[in-house]
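Welcome, and thanks for taking a look at this protein with us. Please have the sequence and the 3D view open side by side as you read.

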Amino acid sequence: MRKSELARLVKLIYSEGESSRVDLATKTSLAPSYVSSMVNRLQQKKWIIEGSHVASDRGRRKVLLYFNPDLAHVVGVEIGRVHSRIVVTDFLGKTLSFKKIPSQVSAGEDHALNSIHREIKELLKQDDKIQGMGIAHSGVIDRARGMVLFWPKVSGWRDVELRRAFAEEYGMATVVEDSARTTAITEQRFGLGKGQKDFVFVHAGVGIGAAIFVDGELYSGCNGIAGELGHTTIDETGPLCSCGNRGCLEVSASGSAIIQKVSTGLEQGVASSLSEAFSHDHQGISLEAIASAAESHDRLCETILAEAGIHLGTALANIVNLLNPERIILGGTLPRVAKNSLMEPLKRSMRSRAFQRSVSRVDVVVSELGEDAAAVGACLLTANQLLESLSIAAVS
Ligand SMILES: [Zn+2]
């Protein structure tokens with residue numbers, strides 16, 4: 001039995017979700033008897049389990065095969081600026097538990113990480129199947145070294161060696177990845193990216209990031225930092241961005257930029273339904289409050305969200321002309337809460353700027369995933385890495 005063939009079969013069963021000996025033989029072009037002997041070996045190891053018997057194309061009954069979801073469980077953490085989200089998933093990415101805790105990043109890196117470690121230690125006591133950790137983080141990530149290089153708007157959070165810290169603490173496989181990308185991976189597995197080959201996921205929350213899928217594979221770039229859509233320039237002489245450049249998309253259209261603009265409007269005495277509620281605390285204004293005011297036709301909030309929509313549409317037109325994707329999925333707090341005010345100006349701006357031939361094919365949709373999506377994607381990445389190492393161990 002060739003090791004590479006067994007490893008290939010393991011990956012195929014995992015990625016297919018549901019298969020049969022007949023399907024596997026067809027897809028691998030291996031002899032059915034040979035596939036059967038490999039499947040038996042994987043069953044003995046409890047890697048795969050048999051499901052029900054169904055009719056095959058040729059009328060014979062076939063047995064469905066599934067990857068064992070309890071082969072290993074994974075902890076996924078999304079470290080956010082305001083909240084951190086912690087999940088445990090099974091090996092196939094199904095959420096088994098979810099918890100949201102305050103991030104407390106302003107209290108410093110050690111303080112923020114310690115509160116996460118406390119939660120993880122509690123989970124490890126409850127679930128002895130946990131074998132890996134996945135960390136999703138916004139900002140600029142060096143995925144090869146598992147480091148956060150730079151976190152805009154969070155001072156002091158530079159060159160944080162997250163993977164080393166977690167791997168040393170728990171002695172488990174640990175993956176660190178950008179949270180826009182991990183969300184996109186969940187989108188590809190369970191959401192609106194399922195079955196799509198060429199699509200772009202745009203995350204618009206406090207910041208703006210993107211994940212680009214080319215022929216079903218995530219495009220990372222030579223340094224692994226592709227997808228920094230928030231720091232692409234839309235106005236060469238625009239305001240200074242926290243990255244050092246001028247006129248980045250993030251300065252005009254991110255959640256924090258929108259809050260800042262509304263806040264400035266209120267300070268300047270522009271009439272708004274938010275004036276009274278936030279008269280003493282402009283910092284307390286949320287995107288939810290702005291979106292809700294805009295829906296009630298508050299002029300200030302409507303105008304600022306429409307402007308953000310136009311800028312986002314410009315950025316999307318650039319994506320459309322550059323990559324010609326079949327779908328763009330918008331995720332994050334901004335499209336989730338402000339969809340009604342944002343989408344019309346966004347689509348209008350995109351259509352007016354992009355090539356007609358490309359833009360007529362692209363479908364712009366708002367993500368329907370829950371708030372555990374980034375952490376779940378980190379678990380899926382870790383499960384993939386575990387699968388590689390388990391495959392090597394199993395066949396050697
Ligand atoms: Zn920037």
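Predicted model: local features only at pLDDT ≥ 70, side-chain atom pairs only at ≥ 80, totals over all residues.

The domain assignment divides the protein into domain 1, domain 2 and domain 3. Two places are picked out below: an open sheet of three strands, and a spot where the axes of helix H8 and helix H10 come within 10 Å.

**Domains**

- Domain 1 is assigned to residues 3-67, and domain 3 to residues 193-366.
- Domain 2 is given as two stretches, 73-185 and 373-395.
- Taken over C-alpha atoms, the centres of domain 1 and domain 3 are separated by 44 Å.

**The open sheet**

- Its strands follow the order S8-S9-S10, and the pairing is antiparallel.
- Strand S8 (140-142) and strand S10 (158-160) are the edge strands, each of them pairing on one side only.
- From one strand to the next, the twist averages 20°.

**Strand pairs, one at a time**

- Three bridges link S8 and S9, which run in the antiparallel sense.
- In this pair, Asp142 stands opposite Met147 of S9.
- S8 and S9 also make a hairpin, with four residues between them.
- Phe150 has Arg158 in S10 as its bridge partner.

**Helix H8 against helix H10**

- Helix H8 covers residues 255-267 and helix H10 covers residues 299-323; their axes cross at roughly 145°.
- The crossing of H8 and H10 is right-handed.
- On the H8 side, the contact is made by Ile258, Lys261, Val262 and Gly265.
- On the H10 side, Leu300, Cys301, Ile304, Leu305 and Ala308 take part.
- Sorted by class, this contact of H8 with H10 has seven nonpolar residues, one polar and one charged.

Technical notes:
Residues numbered from 1 in each chain as written. Axes fitted to C-alpha atoms, helices over the stretch in contact; angles between N-to-C directions. Left-handed = near helix turned anticlockwise from the far one by under 90°. Contact = placed C-beta atoms within 7 Å. Nonpolar A, V, L, I, M, F, W, Y, C, P; charged D, E, K, R; others polar. Pairing = 2+ DSSP bridges. Domains from an automatic or database assignment.
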